[in-house]
Structure formats: C-alpha cells, structure tokens
Amino acid sequence: MTNSIVAGRVDALIRFFLYVLIFWLPYSPAVVETCVILGLMLWLLKRGILLAETKGSAETVKEKLSRLFNGIKPESSFLNKPIGFFVFACILSVTGSAFFEQSLRSFFTKTLEWFIVYFLLIEVFKDKKHITIALAVFIFTALSTAVDSLVQFYITYKDIFLGQVIEPGGRPSAGFKTPNGLGGYLTVIIPGLSAWILLGKQNFFYRVIASSILLILTWSLILTFSRGAWLGTFFGGTFLLFFILFRGKRSHFYLSLGMSWAVIFLSLALVSIVAYGSGQTILERFETIRWRLGIWNVSLEMIKDKPFFGHGINTFMKVFQSYRGESVGPTYAHNCFIQLAAETGIAGLFCFLWIVVKMFHESLGKLKSNFEKDRNLGALTVGLLAGIFAFLVHSFFDIHFYSLQLSVYLWFMVGVLVATCKISDAPEERKIGF
C-alpha cells in the first residue's frame, strides 16, 4: 500500500470525525473538542506520511526546509492571508496581556481551534458527496434539535437528550445552555434552507419535505424569543439573499418571494409574542437593554485604554471587573465585535473583518458562474452566505464567538462555503449535486 493511499484513508477518517462533530454539536461540547483533537492528530499523521514520501536522497538544507514548510502549511484558500494576519494580531495581543498565561492558553485551545476546523474541512472536503453528506447530517441534527425544543416547550418542559428543565411557558434551549444559543444555531440553517428550496433544482416532493422542515425550524426559532436571532435571520434570509438575486433576470420574482418571507416571519413572531409572551415585562426588557448598553460603554473605555492590540485573549471578564469594581460580577460584552476589539485591539478586529469581507467578496464573485454551471451549487453558496451573515448579525448582540459549540459551528460553515467555492473551480465531474 502506497503512502498516498494511506493518506487518502486518513482523509476519510478526518471527514468522519467532522461529520460526528456537526452531528453532536448542539448536545456535547466534549464530543466537539474530541473530534477537533482527533482530526488534528490525523492531519499531522497524514502530513508526516506525505513528507516521508517526498524525501529526497540528497537534499540541501534549503531544500529540506522548503519541503518541511510545504509539508506543514495549511491548505490554500482565498482566506489564508487575512487569517494569517488575524493570528499574528492575536499573538501580539497575547504578548502584551497582563494575564499572559491565561491568554496564551486560550490562544491555543480556543482561537486556533476555529482555524483548525476550517483548514481540516477545506482540505478533506474535495468532492460533491462530502458536501452532500455534511449537509444531510446538519439538516437531520437541526431538525432533531428543533423538535426537541418544541417538546421541551409544549409537553415535557425538559429537553429530550440532556434533560434540561424550563418553567412552563419558558424559553426553550434544547441542548444549548441558553435559548439565545439555540437561536444562534438556527439563524444559519433557516436562510440556507430557504435558498435551497427557492433556488435549487429539486422535484416537488423534496421541496415539500424541505418546506416542512423549514417551518419546524422557524417555529423553534420564534419560541426562543431571541430578538437578536430574529433580527439576524430577517437580515440574512431577506435582505442579503434577495439583494444578491435582485441583480438577476428574475429579480422581481425573487424580490416578491423575499418580501413574502419577511411578512410571514414577522407575522409568526408577532403571533408568538401575543400568544405566549417572552417571560419579560416591557419594563424588564428596557432594563435589559440599559444593562447591555452600560456594558458596551465600559467596553469602549477598555478599548480606548489599549486600542492597538487590546488587553489579551480571554481576559475580558477580569479586566471588565477592574473597570466596574469587584462588586460587579464577571460578564461578557454581549457583543462579539466589541469584545474582540477589547481583547485583541483594533488590529484584531480589523483583521477579523478583513476575513469576513474577503469571504463575501470572493464568494459573491463566483455566484453568477456557480448558477450557470450548477443551480444547486449557486443555491448552496447563497444559502451559506445568508446564514453566515445572519449569524454575524446575531453575534453583534450576543457571545457566539466565545461559545465552543457556536464558534466551531461558524467556522465549520465558513469551511463548507470555501470548499464549495473550490469545488466550483474543479472539473465538471466533481460539481456538487443533490
């Protein structure tokens, strides 16, 4: 058996653990961590095998260093450069942190984990069936999670798999720690599945099944009463998706569908609010908003004091207490972008936004050709862009970047998006299909 065949089988194992990761993501952070670690170990094994295969009998030192560098560098993609700059900004943030050991540990165990998932995925998802399997697993798990939340809300008042209890009429969370976490999870798939239904090439039966799943997912999202998730889904599923399609020949048709989607979604949200309430009075809602704005104001003061490289990764809670006093309990910023700037500075925030802008620019640039080559490929690209955009909008009001499950979830979907773009440039027989 040649080393190349062994490497191919290692790739298959890595894909298996990535499928397991997305399957268990809503319910087990431990499984997520384990899958990432095992995937990384297998990647190192594969690269070692390939390095041994390319070893020459008489190499110069320069050739050895070049072979080593090429053997360990990540898979190429249009996001490599901004990711590299973001990692460098994070390193500078760690070196200037007042809590150096804590920041360094978090850099290796949290920040790098985002990009490990991303690079593993774009390296081993090379064929249409890899994307298809991942999406099938994702939809199955999302549907199971949504059904779990409905059972938790209407029948048992606890989730099926973990037994998390809520009060009657309380906000469901399914396997997530909070209802907002469940909302963040659903913000990606609802616009994505909508794009697949409206733009993909499927028969009537599949559209009916997918539409039924979409209805269950949407109702679950509404019951979370996560207004940030509603807002994110609204923008992701309507403004972004149909703004992109507005440039096409069937613009008015898709625009009318988009407006219909907005009306239906907001109507369901209104009915849900009237029928069940959200567990908060109007006064309590205003108090929550005032509390959050107060946190943002203090966070901006933190940024002003260390504007370039921030206070260090994973130091927000400790530094925040020094600004507000020990009597105030530790908290997140409840705005991922503000907290990112507080921890990694303007440099880190700028590099992260560079990643986002580059991702959208390159992916949007491929939309027209994707639709011309493969309608399902174009629908998937639009759906992923809409879902990621919705997730980022919700992240402006929550802490998704600092949740193990949701941060890995984001970079998994970014990896699928980039892998899809790479497949679109591949020979015709490797195009994605459903």
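Which residues does Gly310 touch, not counting residues up to four places away in sequence? Point 7 gives the answer.

1. **What this is.** This is a predicted model: local features need pLDDT of at least 70, side-chain atom pairs count only at pLDDT 80 or more, and totals for chains, interfaces and linings use all residues. Residues are numbered from 1 along each chain as its sequence is written, and side-chain values use heavy atoms, with hydrogens and water left out.

2. **Confidence.** Start with pLDDT, the predictor's confidence in each residue, from 0 to 100. The protein averages 83, and 80% of the residues score at least 70. Helix α4 (residues 80–95) has the highest confidence, at 95. Helix α10 (residues 251–276) has the lowest, at a mean of 55. Look also at residues 429–434, where pLDDT stays under 50. For that stretch the model has 23 contacts beyond four places in sequence. A contact means heavy atoms within 4.5 Å.

3. **Overall build.** The protein has 16 helices and zero strands. Both are DSSP runs, numbered from the N terminus: helices are H or I with at least four residues, strands are E with at least two. Of the 434 residues, 53% are buried. Buried means under 20% relative accessible area, exposed means over 50%, and partly exposed lies in between (1.4 Å probe, protein chains only). Take the contacts between residues at least 6 apart in sequence: 75% of them join residues at least 24 apart.

4. **Surface.** The accessible surface of the protein comes to about 20200 Å². Carbon and sulfur atoms account for 69% of that surface. Accessible areas come from the Shrake-Rupley method with a 1.4 Å probe; for residues, only the protein chains shown count as cover. Phe23, Trp24 and Phe140 form a nonpolar patch here, with about 310 Å² of accessible area together. Patches are made of residues with over 30% relative accessible area and no salt bridge; like charges are joined within 9 Å, and nonpolar side chains (Val, Leu, Ile, Met, Phe, Trp, Tyr) within 5 Å. Trp24 lies in helix α1. Trp24 is partly exposed, because its relative accessible area is 39%.

5. **Salt bridges.** A salt bridge is a side-chain nitrogen of Lys or Arg within 4 Å of a carboxyl oxygen of Asp or Glu. By this rule the count is six. One of them pairs Lys46 with Asp11, at 2.9 Å from N to O. Lys46 sits in helix α2 (residues 29–53) and Asp11 in helix α1 (residues 3–24), so the pair links distant parts of the chain, 35 residues apart. Lys46 is buried because its relative accessible area is 4%. Asp11 counts as buried too, at 16%.

6. Glu123 is buried, at 5% relative accessibility. Glu123 forms a salt bridge with Arg47 as well, the closest N and O atoms being 2.7 Å apart. Here Glu123 in helix α5 and Arg47 in helix α2 are 76 residues apart. Both Glu123 and Arg47 are buried. Put together, Asp11, Lys46, Arg47 and Glu123 are linked in a network of salt bridges.

7. **Gly310.** This residue is in the loop between α11 (282–305) and α12 (316–324). Gly310 is buried, because its relative accessible area is 4%. Gly310 touches Ala341, Ala342, Glu343, Thr344 and Gly345, not counting residues up to four places away in sequence. Gly310 and Gly348 are 38 residues apart in sequence, yet 8.3 Å apart in space, C-alpha to C-alpha.

8. **Ser363.** Find this residue in helix α13 (residues 336–365). Ser363 is buried, with a relative accessible area of 0%. Leaving out residues up to four places away in sequence, Ser363 touches Phe78, Thr381, Leu385, Leu417 and Cys421.

9. **Helix α15.** This helix covers residues 375–395, which is 21 residues. The expected span of a helix is 1.5 Å times one less than its number of residues. For α15 that gives 30 Å, and the end C-alpha atoms are 30 Å apart, which agrees. Helix α15 is mostly covered: 19 of its 21 residues are buried.
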